[in-house]
Amino acid sequence: AYLKLQKRGSVKIMPEKIRVFTTIGFIYDSGNTYTLMHDKYNFSVREANAAQNKNRLEAVKSDTAQKLIDSLLQNGQFTYYISPIDGLTYSEDYLGADHAKAVSALAEQYRVAPDEKLKKALDSSVKYLEKYISHPDNDCAFLKDSITMTHADAEEVYLGDTALAAVALMDYIGTSGGRDVNAERLLRMLMNGVCCFFDEASGSFEHTLLYPSLESDDCVRDWQYNSMASYAMCRMYEFTGEQIWIDFATSAVKNMLETESYKSSADKWLMLSLKYLGKFTGNGDYYKNALEYLDEKVTFIANGTNFSPEYLDFLITGYEIFIDSQQDERLEEYTQGFDARSFVLTAVNYTDFLFNKYYYPENAMYFDGAQEICGNFFSTDKNFVSNAGVAQGYLYSINRYCENYDGIMRLYGMLNG
C-alpha cells in the first residue's frame, strides 16, 4: 500500500539483505504530544499514566459519564451497542441487570458531581428500569431478564438481577434529596422479592425461581448472586435501620464463608458485604476475613489473566477496610502480615491497565465512526464494542478510585518511596 501510494513499483524479487529498524510514534492531542508505546502487549497507543494523575482521571470520568448520558434515548433506554467493526448501533431490548448497573453508575457520578442534566438522565433511566420489574402481588417484585419477557409458567426470575435492581433504586433514592414514596415502595417490594430466594435457616439462596409460581428451579447460575443479595441486604439495613436486614446478611455471608464458594473469584460484592457487616455489627472478624481474601486475590488480579473493572472495585473496597483497620486500635492486629505493598502496587497498576481498553484518538481513528467511539471504553470480548454495559463498569470503578485517590497516593508513596 505504501509503495502504491508513493507511485513506486511493487517488489518482484526479495533483496539479499533486509534492514530491520524500529520506529517511534507520536501523537499530538489537545496541546500535548504523547509518545506511543511499542512493546509486545501495547502497541501504537500512549501510556495511560492516569493512576497518579487525578486531573486525567477526573477528565476521563466526566467524559465517560457524558457518553453514557448521550447514549440515553428519550424513553430512558440506553443505546446499548456501538460496534466500530460493522458500524451497527443497537438499542433494542437488553438485559435488565445491565440497565440496573448503569443506573447505579449514573447515581454514583451524581453523588460526587451533581448536575441538572445528569439528574434528568438518571430520572429517565429509572423510569425505564421500572418496565423490567414484575410484581405478582403487592408484596414482592422481581427484575425481568428483558422487557419482552412474557413470564409464561416456564420462565424464570434471577436472584442477582433482582438484588441489583434494589441496589440501583437505593442509589437513585440517595440522589433525590428527599422522600420518593413510589421508589421506596418499589424498593421494599424488590427486597421482599430477594427474600423469596432466601432460606433463613441455612443462609443459602436459590438462584432462579419459576415465574409466576415462584417455585424453585433448583439451578445454580452464578455464585456472585449470593453476594449481590447479601450486599443488597446490608444496604437495606443502612437505608431502613431495620435489624432483620443485617441479620439476614450475617446469615448469608456466614454460609458463603463456610462453603468457600467465594474463593473461585475476586468478588467485589462479597468484599462490600464484609465491609458493611464489619461497620454495622462492630465485629472485626469481618475485616479479618476481608483482608485475608484480598491478600489471597491480589496476585490473581495483578496477573491480568481475567480482566474486569469490577476487580478495581474489589481492590478499592479492600483499601477502605485496610485503612479503617489501621485507624482502630482494636483492629490493628488484622493488618499484621498483610502485604500492603503488593496490594497498593496492584491497585495503581491495575488502574492504568484499565486504559488499555480506552479509545484514544490513535486507536479510534482506524474505525469508521471514530468521532463517536473516541473517549469510550470498549470490550475486547465483544469485538471492541462500546456500550452502556461497558461504560457503567469503568465509570463506577474510576469514581471509586478518585474518591480514595489522595489516601492511595499517600500509601503508594510511603511504601515505594
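Reply: Gladly! Let's begin at Pro212, found in the loop between β11 (208-210) and α7. Helices (H or I, at least four residues) and strands (E, at least two) are DSSP runs, numbered from the N terminus. This is a predicted model, in which local features need pLDDT of at least 70 and side-chain atom pairs count only at pLDDT 80 or more, while totals for chains, interfaces and linings use all residues. Residues are numbered from 1 along each chain as its sequence is written, and side-chain values use heavy atoms, leaving out hydrogens and water.

Me: What is the peptide bond from Tyr211 to Pro212 like, cis or trans?

Reply: That bond is cis, and its omega is near 10°. Most peptide bonds are trans, and most residues other than glycine have a negative phi.

Me: Which phi does Asp218 have, and where is its place?

Reply: Asp218 has a positive phi of about 50°, although it is not a glycine. Its place is also the loop between β11 and α7.

Me: How do you know whether Asp218 is buried or exposed?

Reply: Buried means under 20% relative accessible area, exposed over 50%, and partly exposed in between (1.4 Å probe, protein chains only). Asp218 has 70%, so it is exposed.

Me: Why is Ala100 called buried?

Reply: Ala100, in helix α3, has 0% relative accessibility and therefore counts as buried. Its contacts (heavy atoms within 4.5 Å), leaving aside neighbours within four places in sequence, are Leu129, Leu164, Ala165 and Ala168. Ala100 and Ala163 are 63 residues apart in sequence, with their C-alpha atoms 9.6 Å apart in space.

Me: What makes Trp245 count as buried?

Reply: Trp245 of helix α8 (residues 243-259) has 3% relative accessibility, so it counts as buried. Among its contacts outside four places in sequence are Arg188, Met191, Cys195, Met233 and Tyr237. From C-alpha to C-alpha, Trp245 and Ala232 are 9.0 Å apart, and 13 residues separate them in sequence.

Me: Why is Asp352 called partly exposed?

Reply: Asp352 is at 23% relative accessibility, so it counts as partly exposed. This residue of helix α12 (residues 340-353) is in contact with Ala48, Asn49, Ala50 and Ala51, its neighbours within four places left aside. Asp352 and Gln52 are 300 residues apart in sequence but 8.8 Å apart in space, C-alpha to C-alpha.

Me: How do you know how α7 and α9 pack?

Reply: Two packed helices are described by the angle between their axes and the distance between the axes. For α7 and α9 the angle is about 30° and the axes are 8 Å apart. Axes are lines fitted to C-alpha atoms over the stretch in contact, and angles run from 0 to 180 degrees between N-to-C directions. The residues of this contact divide into ten nonpolar, four polar and three charged. Ala, Val, Leu, Ile, Met, Phe, Trp, Tyr, Cys and Pro count as nonpolar, Asp, Glu, Lys and Arg as charged, and the others, Gly among them, as polar.

Me: Finally, what makes a pocket, and what volume does the largest pocket have?

Reply: On a 1 Å grid over the protein atoms alone, a pocket is an open set of points where a 1.4 Å probe fits, with protein on both sides within 12 Å along at least five of seven lines; lining residues have an atom within 4 Å of a point. The largest pocket has a volume of about 940 Å³, volume being the space filled by probe spheres set on the points, which are joined across faces, edges and corners. Its lining has 41 residues, with Asp98, Lys101, Glu310, Gly389 and Gln392 nearest the centre. The lining divides into 18 nonpolar, ten polar and 13 charged residues.
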